[in-house]
2 protein chains.
Amino acid sequence: MQNQHTQKIGFIGLGLMGKPMCRNLIQAGFELFVANRSAQPRAELAEAGATPLETPGQVAARADTVIVMVADTAAVESVLLGENGVIHSLKDNSLVIDMGTTSVTQTRRFAELISEKGGLYVDAPVSGGTIGAESGNLTIMAGGSEEGFDRALPILQVLGERITHVGTSGAGQVAKAANQVIVGLNIGAAAEALALAKAAGVDPGRVRQALQGGFADSRILEVHGKRMVDGDYSLGARCTTQRKDMHQAIELAATLGLDMPATSLSRDLYDRLIEDGGADLDHSALFTLLDIT
Amino acid sequence: MQNQHTQKIGFIGLGLMGKPMCRNLIQAGFELFVANRSAQPRAELAEAGATPLETPGQVAARADTVIVMVADTAAVESVLLGENGVIHSLKDNSLVIDMGTTSVTQTRRFAELISEKGGLYVDAPVSGGTIGAESGNLTIMAGGSEEGFDRALPILQVLGERITHVGTSGAGQVAKAANQVIVGLNIGAAAEALALAKAAGVDPGRVRQALQGGFADSRILEVHGKRMVDGDYSLGARCTTQRKDMHQAIELAATLGLDMPATSLSRDLYDRLIEDGGADLDHSALFTLLDIT
């Protein structure tokens with residue numbers, strides 16, 4: 001393991017998640033090279049001590065480890081394989097870590113291509129949102145070789161608290177898909193249960209309280225159940241993101257011959273909510289689709 | 001509040017839940033009068049210090065508080081209103097506590113009838129199963145008047161640990177319905193997520209571990225997720241009970257004009273599992289319906 005203070009990290013994607021993650025890496029003493037489509041966040045991070053660069057390729061040419069944190073699979077593909085992409089100027093024995101939520105099939109393909117270029121690839125998607133990114137306590141689910149994971153670990157430990165090496169390439173993305181499936185379905189569970197309480201004339205806040213500590217208890221009932229009781233659907237995580245992640249899980253399942261009936265139903269409910277104007281609300285707003293009071 | 005050692009409690013229904021609950025009440029120093037359809041548990045509890053009686057009516061004639069813990073709404077109706085039922089020999093100012101899982105509408109009717117006879121009625125269904133009944137740490141969700149709840153509380157505290165006065169008559173049963181809806185749907189969530197992991201060639205045990213502490217975490221993922229990973233579907237709680245409770249919640253919702261799409265889908269999946277021979281398995285066996293590996 002290299003000394004943290006001499007290791008050079010590239011970071012591509014300076015959005016709501018990427019920016020605070022970069023700040024935590026700078027704080028931990030890493031030398032940081034950043035790139036982003038828009039100039040404003042680059043300038044902000046330059047002020048915080050990072051070196052701003054124009055393209056993913058330029059970042060890869062300077063860094064030992066390149067972290068990618070962009071919106072979706074298409075954006076990862078462009079950052080890695082595009083005209084000015086990482087792969088064209090990757091240094092020997094570099095490590096690439098994709099921390100976004102990316103298709104499992106494409107992740108396995110990216111890992112192979114990076115490996116053919118002499119690099120290591122780790123998929124390490126996260127859960128915990130912008131709050132987790134800021135406080136450095138993200139949950140991180142990693143896939144890749146032992147060697148890749150061991151090299152990534154000291155960096156991931158700056159960004160997260162619960163870090164699991166789930167399996168080989170793509171396993172982190174599979175765990176993230178599982179995470180999003182459970183989050184969406186547990187939101188639906190809390191929503192139907194609390195809508196029933198309200199419809200029956202019983203205070204949903206008291207019901208939520210009564211269930212805490214029992215078998216119905218969950219992080220979703222605790223956090224998102226409270227949003228339903230309070231009618232406060234500020235973010236959190238967008239309905240559109242929740243819908244996209246569940247749809248991606250269903251698509252993966254379909255390629256494997258697996259039926260996901262509850263996830264499919266929930267995806268359809270999110271479609272209705274988005275059509276009804278709920279796109280930018282927190283995913284707990286599913287409650288508004290069910291509530292009849 | 002009466003001195004616990006002189007208060008007379010009647011207990012009707014000495015099944016898997018009732019028997020250990022009775023033992024805890026005897027241990028706490030209450031004088032106990034018991035009745036049950038079959039003789040064997042009556043004899044067992046007589047040995048432990050209870051007074052065995054023949055009918056619910058005989059119990060009501062001797063006790064200040066009558067606890068009912070029987071299989072379903074029809075059984076509660078028979079115990080309370082049947083030929084030798086509680087209502088016909090209820091002493092003035094007696095307290096009746098129904099701790100089973102009973103229809104909300106019928107609970108409100110029973111409460112009214114008992115009240116007309118000068119009694120108090122509290123619905124106080126529980127969560128936590130036979131293990132919770134034995135260790136006296138059931139979760140208890142209570143509905144009824146302040147006066148009824150205050151009188152019931154010292155007794156409930158012997159049987160449970162998290163005791164919430166949710167609202168007026170029926171509110172405990174509404175909370176229990178909400179509990180069962182969430183339990184069933186969270187089982188379905190864990191099942192689809194772990195089936196996806198397995199189908200994608202990733203160790204579901206590692207995925208479950210990776211998700212713990214994050215937003216996907218729940219008591220169900222912890223307890224029932226482990227059963228899915230281990231393929232161990234010993235009880236726990238039966239698929240048939242889970243199915244019945246969700247169906248009862250859907251029926252209640254229908255009378256209120258509320259649609260419960262996810263709960264309805266889950267009830268249908270449990271129907272298929274029961275048809276496939278899963279009736280007596282633990283409700284976590286829903287996983288076997290989805291798993292394709």
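Predicted model: local features only at pLDDT ≥ 70, side-chain atom pairs only at ≥ 80, totals over all residues.

Modeller: Start with the core. The largest nonpolar core has 96 residues. Such a core is a set of buried Ala, Val, Leu, Ile, Met, Phe, Trp, Tyr and Cys residues joined through side-chain atoms within 4.5 Å; buried means under 20% relative accessible area with a 1.4 Å probe, protein chains only.

Colleague: Which residues have the most contacts inside it?

Modeller: A:Val207 and B:Val207.

Colleague: And what does A:Val207 touch?

Modeller: On chain A, A:Leu194, A:Ala197 and A:Val202; on chain B, B:Val166, B:Ala175 and B:Ala178. Residues up to four places away in sequence are not counted. Contact means heavy atoms within 4.5 Å.

Colleague: New topic. What are the domains of chain A?

Modeller: Domain 1 is 8-169 and domain 2 is 174-290. The bounds come from an automatic or database domain assignment. Their C-alpha centres lie 29 Å apart.

Colleague: How much area do domain 1 and domain 2 of chain A bury between them?

Modeller: About 810 Å², 61% of it on carbon and sulfur atoms. That is accessible area (1.4 Å probe) lost on putting the two parts together, summed over both. In domain 1 of chain A, A:Thr101, A:Val104 and A:Met141 lose the most area to domain 2, together 51% of what that side buries.

Colleague: How many salt bridges across that interface?

Modeller: Zero by the rule, which wants a Lys or Arg side-chain nitrogen within 4 Å of an Asp or Glu carboxyl oxygen.

Terms used. Residues numbered from 1 in each chain as written. Chains lettered and ligands numbered in written order. Heavy atoms only, no water. Buried < 20%, exposed > 50% of the residue type's maximum accessible area, 1.4 Å probe, protein only.
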